[in-house]
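Morning, everyone. Please bring up the model, and we will go through one residue and then one interface.

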Amino acid sequence: MTGQDWISIVSIIVAGFTIAIGSIAPALGEARALTQALDSIARQPDAADTISRTLFVGMAMVESTAIYALVVSLVLLFANPLLP
Amino acid sequence: MDAMTPTTVLTVGPLVITDTVVTSAALSLLLAGGLSLAVRMEGPREALEVVYETLEGTLRDMVTVDVTPIVPLILTQWAFIAAANLVGVLPIVASPTRDLSLTAALAVISLGAGHVYGFRAHGWRYLKSYVSPNPLMLPFNIIGELSRTVALALRLFGNVASGELIGAIVLSLAGPLLPVPLMLLGLITSVVQAYIFGVLTLVFTASAMQVAADRTHPTPEAT
């Protein structure tokens, strides 16, 4: 096993862990936001427009954390700077 | 990875022209040409006016500042990004937004728009928003502006590129027709991401104008 082999192995394993661990917190956060929004819409159906609009934008902000993890793992897999 | 990296179409000296450039230029020409042709005709113009006024009303309800100068920018972003995301479902053509360069360019436009409209609303006093609440916060304000721009670019890129990548992987593992449900999901994602990009540009621009507005007309809530 050369050093390059070890770099590939570690990169692949770390890429898997990155996306697995990195998507836990955003998933929980989005679920929480969604339940709150559904709760509010059930209480006040009149405000459904405003709530769902804000929900979309807020979820996009929360989701960007997961997207960062995805981008890092994609870089590790397909554009690894340490591998030739 | 041909699903994620743009393919080179033409090399002119040091310039490398990728399919992203070709597709996005063709889309821009198509959108601009088609719409400017449509407003010359009687029927389509009235339909477009109704659409414009509906969308302008939607934008107006979202923020408290006057959105009239920003509306054309946001609607252009919506039209271009939605078209660029949706063109990926066509065979052969790939979404130009799966290229980080294009999404970064769009995000830089969004960053510039915030500053331009902030300046236009309140002149050089706008720069004071960088040293508020006190000069110690200057680096944090700058980092905030930059990270918000990077997030804007990466969010659009990540969503579109991961959609295309998943489609390609399922296609190579399971064969044709299997990626169709994923592509249908991708259609929703495309439109929602375009919507979100425009709305975030609006929110950032409006907050730049708002900050300056608070400074010139201090209200009890703002202090």
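**One leucine, then the interface**

B:Leu185 is exposed, with a relative accessible area of 52%. On this scale, with a 1.4 Å probe and protein chains only, buried is under 20%, exposed is over 50%, and partly exposed is in between. B:Leu185 sits in helix H6 of chain B. Its C-alpha atom is 8.8 Å from that of B:Gly163, 22 residues apart along the chain.

A word on the source. This is a predicted model, where local features need pLDDT of at least 70 and side-chain atom pairs count only at pLDDT 80 or more, while totals for chains, interfaces and linings use all residues. Residues are numbered from 1 along each chain as its sequence is written, chains are lettered from A in the order in which they are written, and side-chain values use heavy atoms, without hydrogens and water.

Now the interface. Here 19 residues of chain B are in contact with 13 residues of chain A, contact being heavy atoms within 4.5 Å. Together the two chains bury about 1,400 Å², 80% of it on carbon and sulfur atoms. Buried area is the accessible area (1.4 Å probe) that two parts lose on being put together, summed over both.

Which helices of chain B each supply at least two residues to the side that touches chain A? They are H2 (42-62), H5 (138-174) and H6 (180-216). Helices here are DSSP runs of H or I, at least four residues, numbered from the N terminus. H5(B) gives the most, with 9 residues.
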